[in-house]
Amino acid sequence: MAVDRTPVLKRCRSLGLDPIYLGIDKKSTRQLKRANRKVSDYGTQLREKQKAKFIYGVLEKPFRNYYKKADRMQGQTGENLMIMLETRLDNVLFRLGFARTRKEARQIVDHKHVLVNGKCVNIPSYRVKAGDTVEIKEKCKSSDRYKGILEVTGGRLVPEWLESDPENLKGVVKELPTREAIDVPVNEMLIVELYSK
């Protein structure tokens with residue numbers, strides 16, 4: 001499996017992104033040394049795509065596949081793309097507060113700690129649907145790892161399309177998110193423009 005080993009804060013600086021969106025509380029004090037060059041339209045579109053890929057931890061080929069699926073669906077392609085990324089299982093775990101970062105959520109799913117509707121799922125890209133119940137396995141709930149995670153994520157706001165029960169490490173997808181409910185600083189229209197060339 002391909003892994004992006006770029007230092008997170010360095011990548012955030014280059015994309016002009018706040019690390020909070022990744023679940024990281026650190027701030028970088030360094031300034032990006034970049035000449036005041038005018039960025040082309042293509043450069044702006046590419047940066048938006050790289051931002052979305054970096055935030056959700058998706059590589060190029062799966063991201064393109066998401067775009068193709070979103071393009072075939074009814075409605076606006078950009079909104080469909082963001083909703084598909086937001087309903088990935090690793091992202092839902094992160095949003096429920098059962099992982100500090102999306103990378104940690106991905107690892108929890110890979111290690112078979114997660115049940116969706118009572119069935120073990122170890123695919124981070126699994127798309128949840130409205131009405132699905134996501135929970136941590138019973139034997140894993142008592143581990144110190146999850147106590148530590150809940151201490152860190154306790155103050156995090158859970159989006160209104162999810163219902164979280166931190167004591168039982170359980171959550172319910174009440175409905176699919178709308179674009180307004182997704183607080184990610186990505187202009188999806190630029191991604192659509194980039195791919196439709």
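I began with Phe63, which at 0% relative accessibility counts as buried (under 20% relative accessible area, with a 1.4 Å probe and protein chains only). I was working on a predicted model, in which local features need pLDDT of at least 70, side-chain atom pairs count only at pLDDT 80 or more, and totals for chains, interfaces and linings use all residues. Residues are numbered from 1 along each chain as its sequence is written, and side-chain values use heavy atoms, with hydrogens and water left out.

Next I looked up ring pairs (Phe, Tyr and the six-membered ring of Trp, centres within 6.5 Å; planes under 30 degrees apart are stacked, over 60 edge-to-face, the rest tilted), and the count came to two aromatic pairs. Phe63 and Tyr195 have ring centres 6.2 Å apart and planes at 35°, so I noted the pair as tilted. Phe63 lies in helix H3 (residues 60-72) and Tyr195 in helix H9 (residues 188-195), so this pair ties together parts 132 residues apart in sequence; helices here are DSSP runs of H or I with at least four residues, and strands are runs of E with at least two, numbered from the N terminus. Tyr195 is buried too, with a relative accessible area of 17%, and ring pairs link Phe63, Tyr67 and Tyr195 into a cluster.

I then turned to helix H6 (residues 102-110), where I found Arg102, Glu104, Ala105, Ile108 and Val109 buried. They cover an arc of only 155° around the axis (taken from the directions to the C-beta atoms), which puts them on the same side of H6. Just after H6, I recorded a positive phi of about 60° for Lys112.

Technical notes. Buried < 20%, exposed > 50% of the residue type's maximum accessible area, 1.4 Å probe, protein only.
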